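This report describes a structure of two chains. Its sequence and coordinates are shown first.

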Amino acid sequence: MEFTIKQCVAWGGGLITAQDWQAYAQGEKKFNDSNELPPLKQVPAMQRRRLSPFAKLALHCALTAADECLTTVPSVFASRHGDLAKTSKLISDVAAQELLSPTQFGLSVHNAVGGLFSIYTGNKAPLTAISAGEDTFFVAILDALAKLKANNYQQILLVYTETLVPQMYQQYIAQDEVSIACALLLESTELESAKLEPAELDSVEQALTSELYPDTYSLKIQPNSGQQRLENSQMQVLDFLKFYYNSSEAASISSKRHLWQLNKNVSTS
Amino acid sequence: MNNLSVEVKQLIIDTLDLEDIEPADIDYEDALFVDGLGLDSIDALELGVAIKKAFDVKIDNNSDDSKKHFYSVKTLCEFIAQSRS
């Protein structure tokens, strides 16, 4: 299925602007260990005080990418580990037979950040929260595309977030982890073309056509029949950001289970 | 203003992550919830747990009495003092 990427906003490792990510994709800037968090000044202080670093990263990217459709856009929130710092604190409290914090409990569930987004924007559109191992980022795109198609949505917001896994779980981590959030506003290409009859299309100016038809992308998934026994050391979100900001035409990324093929179809009309 | 009230105010600030607020900013008799300080129902639960832990008092969830006890710093202090005696 083809789609366009209307907005791409990412924050992590000291890389904040589109220029930063371009420089990263071209190898001019590196991911550093900066823990700088988005200020999120638009969120009132009484709401902001409960936001963990995980929630701040996610909400900044979500609110920026979906700025023009905040109250209506359906969304997919994705994270492999979720806000695990909160969860592991709760588990430690259970082990120590302490009373649990209701706030921490409420905000530790996997759809908590989606809920915060919905409360803050008043957006009541369908929202899902997914987790799919090392494939979480691409599965999230797949899920978003399936929803676009099945529901005839014009656009959908994808928000992917990851923060470093707490020390007690580090022994189980095989990937090079970074704290990062990335939000994409994806649009369907099918609705646009359905609106115009072929006859009408001919009469549309070339220039206008290319505006109507920005670069489209496609994502293909195949089982990985190879013998890859280890997880890919690089997180898929970084593979994607390099592909996107390098204006690459194709990228294939393998994981233990899948082969993902990303293609950019340069606009021809 | 006694030591207990300062303790309660500090507990409120620490428990509810009230950034940029000092104990002196919280009025002794003003409402803590909605109109006054602007705390909400999640804060009420959180504060209940924190007070149970800090002062070892029993709080009856959802009773009219506990609503009265949680009205202000003053009512909270009176409730804690009374439960301890």
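The sections below treat each chain, selected elements within it and the contact between the chains.

## Basis and overall composition

The structure is a predicted model, and the values given here are computed from it. Chain A comprises 11 helices and 8 strands, whereas chain B has 4 helices and 0 strands.

In chain A, 32% of the 269 residues are buried. In chain B, buried residues amount to 25% of 85. Among contacts with a separation of 6 or more, residues 24 or more positions apart supply 74% in chain A; for chain B the corresponding share is 53%.

## The sheet of chain A

The 8 strands of chain A form an open sheet of mixed pairing, in the order β3-β2-β4-β5-β1-β6-β8-β7. The edges are taken by β3 (127-130) and β7 (250-254) of chain A. Each of these two has a single partner strand, so one side of each lacks a neighbour in the sheet. From one strand to the next, the twist averages 25°.

Within this sheet, β4 (residues 155-162) and β5 (residues 180-188) of chain A pair in the antiparallel sense over 8 bridges. In this pair, L157(A) lies opposite L185(A) of β5(A). Helix α3 (residues 53-65) of chain A packs on the sheet, where it touches β1 (2-12), β4 and β5 of chain A. The direction of α3(A) makes about 30° with that of β5(A).

The edge strand β7(A) is joined by 5 bridges to strand β8 (residues 258-265) of chain A, and the two run antiparallel. β7(A) and β8(A) form a hairpin, with 3 residues between them. I253(A) stands opposite W260(A), which belongs to β8(A).

## A helix crossing in chain A

Helix α1 (residues 18-25) and helix α11 (residues 236-245) of chain A have axes that come within 8 Å and cross at roughly 100°. Because angles of 65 to 115 degrees count as roughly perpendicular, α1(A) is classed as roughly perpendicular to α11(A).

On the side of α1(A), the contact involves W21(A), Q22(A) and A25(A). These residues meet L241(A), K242(A) and Y245(A) in α11(A). By class, the contact of α1(A) with α11(A) consists of 4 nonpolar residues, 1 polar and 1 charged.

## Chain B

The elements of chain B follow the order α-α-α-α from the N terminus. Along the principal axes, the C-alpha atoms of chain B fill a box of roughly 30 × 25 × 20 Å. The radius of gyration of chain B is 12 Å, which agrees with the value near 12 Å for a compact globule of 85 residues.

L40(A) has a phi near 50°, a positive value in a residue other than glycine. L40(A) lies in the loop between α1 and α2 of chain A. With 17 other C-beta atoms within 10 Å, L40(A) is partly exposed, because a residue needs 20 or more such neighbours to be buried and 12 or fewer to be exposed.

In chain B, D17(B) is not a glycine either, yet its phi is positive at about 50°. D17(B) is located in the loop between α1 (3-15) and α2 (41-55) of chain B. D17(B) has 14 C-beta neighbours inside 10 Å and therefore also counts as partly exposed.

How values were computed. Residues numbered from 1 in each chain as written. Chains lettered and ligands numbered in written order. Predicted model: local features only at pLDDT ≥ 70, side-chain atom pairs only at ≥ 80, totals over all residues. Rg over C-alpha atoms; globule rule 2.2 N^0.38 Å. Contact = placed C-beta atoms within 7 Å. Pairing = 2+ DSSP bridges. Axes fitted to C-alpha atoms, helices over the stretch in contact; angles between N-to-C directions. Parallel < 35°, antiparallel > 145°, perpendicular 65-115°, else oblique. Nonpolar A, V, L, I, M, F, W, Y, C, P; charged D, E, K, R; others polar.
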